[in-house]
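Student: Could you take me through one part of this model closely, namely the shell of residues around the ligand and the loop listed as a binding site?

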Amino acid sequence: WTRTVVAVDGPAGSGKSSVSRAAARELGFAFLDTGAAYRALAWLALERAVDLDDADAVFGLLADWDYRISTDPDDVRVWVAGTEVTQAIRETRVSSVVSSVARVPAVREALGRHFRLTLDEPGAPGVIAEGRDITTVVAPDASVRVLLTASESVRLARRAGELGSVTREELARQVTERDRRDSQVVDFMTAADGVTTLDSSELDFDQTVRALVTIVKAPR
Ligand code: C5P
């Protein structure tokens, strides 16, 4: 790598996105949300009414999807096919189908290549990339690799704080179902060899950010 690469994986609601972004800000690093790419592809599939069970058709969307994401932790924005989708990709209709595009091996390979190019881009002295398979597949050779976890009840409570419209039970069902489907594709619940586990169950947000920054700054 041409710069310090920090890989962070974890399940839905572990706080990896907001924690990684805050840590990147503090370190003066770039920030790459890899889940945004899978979400943007799912958004495009819905927009073009592509059958999500048709792996070739989903993969075909990548031909001209013109995906762009800003890696400035202070201003993360996402565009696909000429439309800004920063907010739209967070909607439940996208979350509930994103696992279907993420399970297509050719999609994972193409996005993985794209992520690796972004990690090597010149600019900030380092980059924090977060997702499900960054520590294991995208950047197993990253300078720092962290699995950010939290107990299931804590994760569900955090997610409940984020969304207003659905009931707690419905939300629990959605998050658990997405983790179950994603787990069939990549293992992001157990730390691979050499990966540091950061359990945030008993930590508040600032403490978790500080813990991640400390891990990144630790001598290696
Ligand atoms: O991290 P986030 O919840 O935004 O990720 C959205 C979805 O993208 C996940 O549920 C998963 O299906 C997929 N994903 C993935 N590999 C990654 C990041 C995200 O499969 N590295």
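Tutor: Helix H2 (35-47), helix H5 (98-102) and helix H9 (168-183) each supply at least two residues of the shell around the ligand, where helices (H or I, at least four residues) and strands (E, at least two) are DSSP runs, numbered from the N terminus. This is a predicted model, in which local features need pLDDT of at least 70 and side-chain atom pairs count only at pLDDT 80 or more, while totals for chains, interfaces and linings use all residues. Residues are numbered from 1 along each chain as its sequence is written.

Of the 14 residues around the ligand, Gly35, Tyr38, Ala102, Gly131 and Arg132 come nearest, a residue being near if its C-beta atom, placed from the backbone, lies within 6 Å of the molecule.

Turning to the record, the unreviewed UniProt entry lists residues under "binding site", among them Ser14 and Gly15; such annotations may be inferred rather than shown by experiment. Serine 14 is found in the loop between E1 and helix H1 (16-27), and glycine 15 is found in the loop between E1 and H1. Serine 14 counts as buried because it has 27 C-beta neighbours inside 10 Å, and glycine 15 counts as buried because it has 21 C-beta neighbours inside 10 Å; the cut-offs are 20 or more other C-beta atoms within 10 Å for buried, 12 or fewer for exposed, and partly exposed in between, with C-beta atoms placed from the backbone. Leaving out residues up to four places away in sequence, serine 14 touches Leu148, Thr149, Ala150, Arg155 and Ser200, contact meaning that the C-beta atoms, placed from the backbone, lie within 7 Å.

Technical notes
Two residues are in contact if their C-beta atoms, placed from the backbone, lie within 7 Å.
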